[in-house]
Amino acid sequence: MLTVEGLVKRFGGFTAVNNVSFRVEQGEILGLIGPNGSGKSTIFNMLSGTLTPTAGSILFDGAEIAGKAPHRIINSGIGRTFQIPRPFHRLTIFENVALAGYYGQGRHSRSKADEAAERALRMVGLPTDRHASVDGLGAAGLKKLELAKALATGPKLLLADESLGGLDEHEMDQAADMLRKIRDELGITIIWVEHIMGVLMRVVDRVMVLDHGEKISEGLPSVVASDPRVIEVYLGTDADSSQAAAAEARRRAGV
Ligand SMILES: Nc1ncnc2c1ncn2[C@@H]1O[C@H](COP(=O)(O)OP(=O)(O)OP(=O)(O)O)[C@@H](O)[C@H]1O
């Protein structure tokens with residue numbers, strides 16, 4: 001479904017993403033992890049069109065989308081959530097989601113946008129009542145709203161920039177289960193960026209690890225969690241023994 005080849009992003013003399021290649025198959029959940037500043041958001045921004053790659057190719061359903069405008073990319077079927085939800089506070093929950101539905105997939109019919117909003121709100125478990133205000137939503141509710149907005153655009157591929165950091169453990173598990181439900185019930189392929197490795201590793205089919213803009217590991221969660229390069233990045237090189245470090249990484253990864 002998605003084939004990324006030799007993706008590069010430079011900001012002046014600084015290389016934020018360096019020659020990254022990967023594939024995502026239809027129906028898969030790929031986890032994208034890495035320390036702060038490793039290039040995860042920059043990759044998402046290139047996939048969703050807010051940044052133009054310096055070099056490389058992004059093929060989505062066989063068409064080149066690198067450098068295309070964000071609205072074209074959304075219309076082709078790639079939706080995304082943002083780490084920091086910024087809803088329109090003057091609009092209701094329903095209106096926020098319907099607006100996204102109106103924008104996505106080039107829908108220019110209010111009734112279709114409303115239908116998409118209803119479906120998306122039901123899916124994430126937010127009220128479909130047209131008058132419910134955004135202001136009553138806590139951190140978990142705002143994340144659901146973010147997800148509903150992305151779903152209302154009708155994506156085939158969802159880029160989930162989740163950052164579950166502000167949630168308690170139960171809410172984190174619910175958010176992770178929600179992504180799996182979206183894949184299982186709607187057949188939407190997902191790339192999930194998350195800082196908290198354990199919760200991500202429980203849900204994804206495969207994981208890709210970035211460090212300093214380069215891909216350092218990729219594969220099944222259980223294999224990646226024991227990869228010495230990943231352990232070094234997450235735990236440092238001065239861990240007591242590599243075995244203890246591997247056990248700790250597996251514990252964190254929940255595998
Ligand atoms: N517009 C920009 N101009 C200059 N440097 C940038 C720009 N955007 C990102 N960077 C740099 O590129 C590197 C990768 O940033 P990016 O935000 O992609 O990392 P990340 O893995 O998403 O980090 P985090 O986990 O903190 O969200 C960082 O060093 C960042 O400072």
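1. Alanine 117 and the nonpolar core. In this predicted model, alanine 117 is in contact with Phe94, Val97, Ala98, Gly101 and Ala152, once its neighbours within four places in sequence are left aside. Ala117 also belongs to the largest nonpolar core, a set of 70 residues, where it is listed with Val97, Ala120, Ala148, Ile190 and Trp192 as touching the most other members. Both domains contribute to this core, with at least three residues drawn from domain 1 and at least three from domain 2. As a general background, nonpolar side chains in soluble globular proteins tend to be buried together.

2. Overall architecture. The protein chain contains 10 helices and 10 strands. Its radius of gyration is 18 Å, close to the 18 Å that the globule rule gives for 255 residues, so the chain is as compact as a globular protein of that length. Along the principal axes, the C-alpha atoms fill a box of roughly 60 × 40 × 30 Å. Of the 255 residues, 42% are buried. Where contacts link residues at least 6 apart in sequence, 65% of them join residues at least 24 apart.

3. Domain division. The chain is divided into domain 1, made of 2-77 and 155-253, and domain 2, which covers 86-154. The C-alpha centres of the two domains are 25 Å apart. Contact between them involves 10 residues of domain 1 and 13 residues of domain 2. On the domain 1 side, α2 (70-76) and α6 (169-186) each supply at least two of the touching residues. The largest share of that side, 4 residues, comes from α6. By residue class, the touching side of domain 1 comprises 7 nonpolar, 2 polar and 1 charged.

4. Threonine 153. Which element holds threonine 153? This residue is placed in the loop between α5 (139-152) and β7. Thr153 counts as buried, because 24 C-beta neighbours lie inside 10 Å and the cut-off for a buried residue is 20 or more.

5. Alanine 160. This residue lies in strand β7 (residues 157-161) and is buried, with 28 other C-beta atoms within 10 Å. Not counting residues up to four places away in sequence, Ala160 touches Thr81, Leu179, Ile190, Trp192 and Val193. Two of these partners, Ile190 and Trp192, are also named among the core members that touch the most others. By contrast, the C-alpha atoms of Ala160 and serine 217, 57 residues apart along the chain, are separated by 20 Å.

6. Is strand β3 (residues 29-33) mostly covered or mostly uncovered? The strand is mostly covered, with 5 of its 5 residues buried. Ile29, Gly31 and Ile33 point one way from β3, Leu30 and Leu32 point the other way, and all are buried. Strand β3 runs parallel to β8 (residues 189-193), to which 4 bridges join it; here leucine 30 stands opposite isoleucine 191. A further 4 bridges join β3 to β9 (residues 206-211), again in a parallel arrangement, and glycine 31 has valine 207 of β9 as its bridge partner.

7. The antiparallel sheet. Four strands form an open sheet in the order β2-β1-β4-β5, with antiparallel pairing. Strand β1 (residues 2-11) is joined to β2 by 7 bridges. Within this pair, leucine 2 stands opposite valine 24 of β2.

8. Asparagine 19, which is not a glycine, has a positive phi of about 60° and lies in strand β2. Asn19 is partly exposed, with 14 other C-beta atoms within 10 Å. Aspartate 61 likewise has a positive phi, near 50°, in a residue other than glycine. Asp61 is found in the loop between β4 (55-60) and β5, and counts as partly exposed, with 14 C-beta neighbours inside 10 Å.

Note on methods:
Residues numbered from 1 in each chain as written. Predicted model: local features only at pLDDT ≥ 70, side-chain atom pairs only at ≥ 80, totals over all residues. Rg over C-alpha atoms; globule rule 2.2 N^0.38 Å. Buried ≥ 20, exposed ≤ 12 C-beta atoms within 10 Å, placed from the backbone. Contact = placed C-beta atoms within 7 Å. Domains from an automatic or database assignment. Nonpolar A, V, L, I, M, F, W, Y, C, P; charged D, E, K, R; others polar. Core = buried A, V, L, I, M, F, W, Y, C linked by C-beta atoms within 7 Å. Pairing = 2+ DSSP bridges.
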